[in-house]
Amino acid sequence: MRIILFGPPGSGKGTQAKLLKGRYCIPHISTGDLLREAVVKETPLGIRAKGYLDSGNLVPDDVMIGLIREVITSGPAQHGFILDGFPRTIPQAEALDRLFGELGIELDGVISLRVEHDEVIRRLSDRRMCRSCGRIFNPAQLQRNDVSKCPQCGGELFQRSDDTPETARRRLEIYLRDTKPLKEFYRQSNRFLQIDGMREISGVHEEIVSILQKGRAKNPTSP
Ligand code: AMP
């Protein structure tokens, strides 16, 4: 299975990708996670990407296309994957289609999580990430727990530097300008399915699973 989870920052792509990874045992490829890891390790990629991440801007297409080619052609992703955070621009989507053509593989579908803009800003500003396992938590998930500790692994929770309200707004603007046009790109090739991302995490997950079981993402009948 090869799917793209699409949507604005904070729409739940990472959370849903982790659930799907557990269910289907296929790698979750998050370009944001790969970049953050590179920044922490101070690799040449991380050193180049840091300023873009901190300001909420997109890392240049050539860097991202090179990175995704490397990951998709590597062992674990050869038989399937969930892409989260890539593509984010039309040139990235075109390069991905060319790569699939070269490798003779097909995309099963693009599942888009629709979330209202005010909710995006609220979710990004309120959420916390675990420094150890990378999971993201919203305030409701932390209510009965110590807000500084990850309920899953006990790691330290922190606010991502690009989740402050100001940078969150910038990321939403960039999504609307550069990434949203991809909806039309994938709609034209009949690979796009939009679902309501405002509901509970488990409800969204079940709908994605039902779409994948029916093969509807590849040949959608709804908007
Ligand atoms: P994310 O965790 O997916 O929200 O990504 C965090 C940040 O990583 C983004 O705000 C960008 O700076 C960078 N990034 C992640 N994926 C991409 C991509 N496909 N193209 C350009 N920049 C990216």
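Close-up 1. Look next at Thr31, where a polar side-chain atom lies 2.8 Å from a nitrogen atom of the ligand. Val59 uses its backbone instead: an N or O atom there is 3.1 Å from a nitrogen atom of the ligand. How much of the ligand's accessible area does the protein cover? The protein covers 96% of the 480 Å² that the ligand has on its own, with areas from the Shrake-Rupley method and a 1.4 Å probe; for residues, only the protein chains shown count as cover.

**Close-up 2. The shell around the ligand.** Helix 2 (31-41) and helix 3 (44-55) are the elements that give two or more residues to this shell. Helices (H or I, at least four residues) and strands (E, at least two) are DSSP runs, numbered from the N terminus. Helix 2 gives the most, with 4 residues. Of the 17 residues around the ligand, Thr31, Arg36, Asn57, Gly85 and Arg171 come nearest; a residue is near if one of its heavy atoms lies within 4 Å. The shell divides into 7 nonpolar, 5 polar and 5 charged residues. Here Ala, Val, Leu, Ile, Met, Phe, Trp, Tyr, Cys and Pro count as nonpolar, Asp, Glu, Lys and Arg as charged, and the others, Gly among them, as polar.

**Close-up 3. Helix 2 against helix 3.** These two helices pack at an angle of about 115°, with their axes 8 Å apart. Axes are lines fitted to C-alpha atoms, for helices over the stretch in contact, and angles run from 0 to 180 degrees between N-to-C directions. Helix 2 and helix 3 are therefore roughly perpendicular to each other (65 to 115 degrees; under 35 is roughly parallel, over 145 roughly antiparallel, the rest oblique). Their crossing is left-handed: the near helix is turned anticlockwise from the far one by less than a right angle, while clockwise would be right-handed.

**Close-up 4. Helix 6 against helix 8.** The axes of helix 6 (residues 117-126) and helix 8 (residues 165-179) come within 9 Å and cross at roughly 140°. The two helices are therefore oblique to each other, and their crossing is right-handed.

**Close-up 5. Two loops to explore.** The peptide bond from Phe86 to Pro87 is cis, with omega near 0°. Pro87 lies in the loop between strand 3 (81-84) and helix 5 (90-103). Cys25, in the loop between helix 1 and strand 2 (28-30), has a positive phi of about 55° although it is not a glycine.

**Reading notes.** Residues are numbered from 1 along each chain as its sequence is written, and side-chain values use heavy atoms, leaving out hydrogens and water. In this predicted model, local features need pLDDT of at least 70 and side-chain atom pairs count only at pLDDT 80 or more, while totals for chains, interfaces and linings use all residues.

Key. Polar contact = N/O pair within 3.5 Å; in protein donor to acceptor, adjacent residues only side chain to side chain.
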